[in-house]
Amino acid sequence: MVEKVYVTYNEVHKLCQASAGRILDGFKPNLMIAIGGGGYVPARILRSFLKRPSSPNIPIQAIGLSLYEQLPSSKPTDPVETPGTKVTRTQWLDLSSLEMTNLVGKNILIVDEVDDTRTTLEYAVRELQKDVETAAQKLGSSEKTQFSIFVLHNKDKTKKGHLPQDMMDEERYLAARTVSDVWICYPWEATDIDEHDKLAASQARY
């Protein structure tokens, strides 16, 4: 039986708020890339807390990656998902537009909701680095582009994916909270938000 933990919008908001200071001080992002669909809401909430007086909002771009697959469940209304083995692009930056050149020389914060097997994050960092390097070569630019990562939850488990060693050494990876290997149910996945919040209120806090 998979243990499920229900997270509310209020909790997501507070996790982003609690993490914003360290992101500003340590990562100094001037661009965010949200991994859809779980990274969209945290990225938008973060933007409010990362806003500096008299400075513009940090732009948010989006990519879509899919790794999870749905498994049969004893309850048709309660499907269980499990990490798959292959990352699939469902949305990516347009390499023929200004989007890629706008990434060159930036401090880019990649945002997702959960670090489970780390496979998706590994793919995102590796492929974005390759695309930025290609864009920099076309521009003839030697500006350094630096990637950092923020997730709401990191699952305390052996990871299949790996992030660049310099990113880990320089602490450019931040999880708002580390949890055991449970199934985390986020509010944007709920079809009945009242029932979701009710389940969240009834459970022991993780």
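Is Val-87 buried or exposed in this predicted model? At 14% relative accessibility, Val-87 counts as buried, where buried denotes a relative accessible area under 20%, exposed one over 50%, and partly exposed the range in between, computed with a 1.4 Å probe on protein chains only. The structure is a predicted model, in which local features need pLDDT of at least 70 and side-chain atom pairs count only at pLDDT 80 or more, while totals for chains, interfaces and linings use all residues. Residues are numbered from 1 along each chain as its sequence is written, and side-chain values use heavy atoms, with hydrogens and water left out.

The secondary structure of the protein comprises six helices and eight strands, assigned as DSSP runs (helices being H or I of at least four residues, strands E of at least two) and numbered from the N terminus. Along the sequence these elements follow the pattern β-α-β-α-β-β-α-β-α-β-α-β-β-α. Of the 206 residues in the protein, 45% are buried. Among contacts (heavy atoms within 4.5 Å) between residues at least 6 apart in sequence, 79% join residues at least 24 apart.

Val-87 is located in strand S4 (residues 80-91) and, when residues up to four places away in sequence are not counted, touches Leu-65, Ser-66, Leu-67, Thr-119, Thr-120 and Tyr-123. Between Val-87 and Tyr-123, which are 36 residues apart in sequence, the C-alpha to C-alpha distance is 7.4 Å. Val-132, in turn, has its place in helix H4 (residues 119-139) and counts as buried at 4% relative accessibility. The C-alpha atom of Val-132 is separated by 9.2 Å from that of Asn-102, a residue 30 positions away along the chain.

A packed pair of helices is described by the angle between the two axes and by the distance between them. The axes of helix H1 (residues 9-27) and helix H2 (residues 40-50) come within 9 Å and cross at roughly 50 degrees, the axes being lines fitted to C-alpha atoms over the stretch in contact and the angles running from 0 to 180 degrees between N-to-C directions. H1 and H2 are therefore oblique to each other, given that angles under 35 degrees count as roughly parallel, over 145 as roughly antiparallel, 65 to 115 as roughly perpendicular and the rest as oblique. On the H1 side, Tyr-9, Val-12, His-13, Cys-16, Gln-17, Ala-20, Ile-23 and Leu-24 meet Val-41, Pro-42, Ile-45, Leu-46, Phe-49 and Leu-50 of H2. The residues of this contact divide into twelve nonpolar, two polar and no charged, with Ala, Val, Leu, Ile, Met, Phe, Trp, Tyr, Cys and Pro taken as nonpolar, Asp, Glu, Lys and Arg as charged, and the others, Gly among them, as polar.

Backbone geometry in the loops was also examined. Gly-36 and Gly-37 are joined by a cis peptide bond, with omega about 0 degrees, and Gly-37 lies in the loop between strand S2 (31-36) and H2. Ser-54, in the loop between H2 and strand S3 (60-71), has a positive phi of about 65 degrees although it is not a glycine, and Ser-54 is exposed, with a relative accessible area of 81%. Glu-171, found in the loop between helix H5 (165-169) and strand S7 (173-179), likewise has a positive phi, near 55 degrees, in a residue other than glycine, and counts as exposed at 53% relative accessibility.
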